[in-house]
Amino acid sequence: MTRLEFWQGNIACAEGALAAGCRFFGGYPITPSTEVAEHMARRLPKIGGVFVQMEDELASIASVIGASWTGTRSMTATSGPGFSLMMENIGYAIMTETPCVIVNVQRGGPSTGQPTRASQGDMMQCRFGSHGDSSIIAVSPASVQEMYELTAKAFNLADRYRVPTFVMADEIIAHMRERIEVPDTVEIVERRQLEKGALPFAAGEDGVPGFPTFGQGHGVHVTGLTHDERGYPSSTDPGVHDRLVRRLVGKVEEARHEMADYEVTNPDAEVVFVSYGSPARSVKQTVRDMDDERVGSLRLRVVWPFPDFALHEFKNARVFLVPELNLGQIAREAARHTAVPVVPIPELGGELHTPAQLAEIAEGYL
Amino acid sequence: MKDFREWLREDRMPHIYCTGCGNGTVINCTLNAVNQMGWEPENTVFISGIGCSSRAPGYIITDSLHTTHGRAIPFATGVKLCRPDLHVVVFTGDGDLAAIGGNHFIHACRRNIDLTVVCMNNYIYGMTGGQGSPCTPLGAISTTTPYGCDEAPFDLASLATAAGANYVSRWTSYHVKELTRAVKAGLETPGLSFIEAMVQCPTGYGRRNKLRDARLMVQWMRDHSVLMKKWKQMEAEGRPLPEDKFPVGEFVRRHRPAMGVPEE
C-alpha cells in the first residue's frame, strides 16, 4: 500500500530517513538543506528519537558518529561549506567503519558561492575529500520520490558495508515539490552484530566486520589511528596499515556489482547520455523528444562506487555525453573506464540543461 | 568493590607516557572515582580526542572512542543523547579542549550535557613535542614560544563556570585525594562536570622551564596552588591575588537545566 503526497524534496528526504529507522539527527542550519533539519526537529522527538542542533558541522557529524556507536541509525544534512567542515570526521567514520548517512544538498561553490542555486560540484569531494586512501558510497536522487527512496536505501548501504553513505542531492531536487507515492514500509537491512568474543575489527570474506554496539559488554576500543583486528592502535607497522586500508577500500569497491543501481534506456544506442541527479530529468525529456533508438541513456542512482561495467552495456556506443552541474567531474570518472570518447556537458550557475540544448548536442554526433 | 586496576586493559601495557608524566595519576584518580560509583565497565564509556591525555581510553577495558583532535565532546554528545543510561567520561588535554575544541567545550557547558570531562592540563602540546598551548603561562618557554609565551592563557575552570557547567573544580596531580573526590563529585552531578587536573610534563614543559623533573614540577604545583577558600578570602579582603599562583578546589556546583540525564 502507498499513499500519495505532494512533498518538497527535503521533506521526502527526512521522511525516507525516518521510515528507514533513523532516530538521531545532529545538524547545523545551512541553505539549501535546512528543511531536512527542521523536519527532523519536528518529527524525531515525537517518535522517541533525538534531534540536536550542534554548534557547527564539525560537531554535527561527530555527534552522528557517536550516536551510531550506540546502534542508532543516525544522519546529518548539510550543503557545500558545511560539507567541507565535515571532511575531518568523515575520514574518522571511514577509518572506524561507522555507519552513518550524510545528505549533501549541493549548491554552487567554491566557498560560500551560491547558497540558493543548484550544483553537482561536490561529487569528487564526497569521493576523495578525506585525506588518505578510502572508498565511500554515494547515491544521487533525481526526483522527490527518489529523495525518499534513496535516503532510506542509504541507511541500508551504510549498515551493510559499515561506511559513510552520502545522499548527493542538489538544490533543485531538494526544493522542488512533486507527487510522491509514500510506501507503508521500506526495506530495512540491519547492520550485522559482532559475535560475543570475536575480534571487533576482524572481517570475513566480504571485508565487513560485525558491529560491536556500545553498552553490550564488547569493551571495544575505537580509534582513528591505524589499528589491528583487536582495534588497538598499531600505527607504525607497514603491514597492519596496508591490510587495513586495502580492506576498507576493497569492501566497497569489490561490492560495486552487488550495490549497482542504474537505469538503461536504448542499450543499442550510439549516442549515450550518462547522468545522475537533476540533469537526468532533462536527459529523460531529451531522449523522449528525440525518439531515436540511436540515442540512449544511462542514469546512475548509485554514483559511488562508480559502476564502470554499466558503460559496457552500450555495445554500439560511439560517444558518451555527460551533462552535469559541474565542469565534468563524473565525466572524468567515466572516461577512465572506456575507450569510447566521453564528452562533458557542463552547466554552471544553477540552471538545468534544457532538453533542446541536449538534443542539439546529441544530433551533432548522429 | 573492584580494584581500579581491573579497569585497565593490561594487554595494552606498557603505555606510551614518558617517565615522570602526570597523566597516569589522573587516570588512576578517575578510575578510582568511577570504581567508587559502583559502575560496571559494560555501562561506562570513555571518549577522548587527540593528544597524550586522549590515549587514556585505549588503556581502559570499557567501550571507548579515541576520536579526532578537539572533537571528543560532540562525539560524546551523540552517545549520551542516544543512551542516557550509559556513563560517559571524556578525557582531554589543554590543547585538545581549549584550542581546537574550544567551541565544542563552551557549548557542551551551555547545553549542560550529562558528561564528566577530565582535562589533563600540562600547559603545552605534549604529543607533538612541547609547543605552546592556550594554557601556556605568560613568559614560559615552549618550542613555539622560544622567547617566552606572550599570549595570556585561558583559565579553563573559570571558562567552564562562565559557560554554564553544573560542576567545576580544579586540582593538580599533587592533590590525588582531592582530585579523586572531585572526579567522583563530577560523576555524581547531573549535567556537565568539568575537572581540570593540572599535570606535570617534565619532558615537554619542565625541562625548558627550570623544572627539570617530575618532582620539581609537582612541588611547583603544590607551592603555586592556593585553596579556594583562602583565594576567596583574599579576594573578599581586597588583597592582591598573586599572579604566579592559581586557586584549586570547587568552582561551582549547581543545578542548571541539563541534557542527556537518565530518567530515574
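In this predicted model, the side chains of B:R111 and A:E55 meet in a salt bridge, with N and O 2.8 Å apart; the term stands for a side-chain nitrogen of Lys or Arg within 4 Å of a carboxyl oxygen of Asp or Glu. Between chain A and chain B the count is 2 salt bridges. The two chains also share 18 residue pairs in polar contact, both residues being at pLDDT 80 or more. Here a polar contact is a pair of N or O atoms within 3.5 Å; within protein, one must be able to donate a hydrogen and the other to accept it, and residues adjacent in sequence count only if both atoms are side-chain atoms.

The contact (heavy atoms within 4.5 Å) draws 36 residues from chain A and 32 residues from chain B. About 2,700 Å² is buried between the chains, 60% of it on carbon and sulfur atoms; buried area is the accessible area (1.4 Å probe) that two parts lose on being put together, summed over both. On the chain A side, A:E55, A:F214 and A:Y232 lose the most area to chain B, together 23% of what that side buries.

Strand β10(A) is joined by 3 bridges to β2 of chain B (residues 63-66), and the two strands run parallel. Within this pairing, A:H221 stands opposite B:S64. Strands are DSSP runs (E, at least two residues) and helices likewise (H or I, at least four), numbered from the N terminus, and two strands pair if DSSP finds at least two bridges between them.

Chain A itself is divided into domain 1 (2-183) and domain 2 (262-363), with bounds from an automatic or database domain assignment. Their centres, taken over C-alpha atoms, are 25 Å apart. In this chain, 28 residues of domain 1 are in contact with 23 residues of domain 2, and the two domains bury about 2,000 Å² between them, 51% of it on carbon and sulfur atoms. A:Q120, A:M123 and A:M124 supply 28% of the area that domain 1 buries against domain 2, more than any other three residues. Across this interface there are 5 salt bridges. A:E351 forms a salt bridge with A:R117, the closest N and O atoms being 2.5 Å apart.

Local features need pLDDT of at least 70 and side-chain atom pairs count only at pLDDT 80 or more, while totals for chains, interfaces and linings use all residues, and side-chain values use heavy atoms, with hydrogens and water left out.

How values were computed:
Residues numbered from 1 in each chain as written. Chains lettered and ligands numbered in written order.
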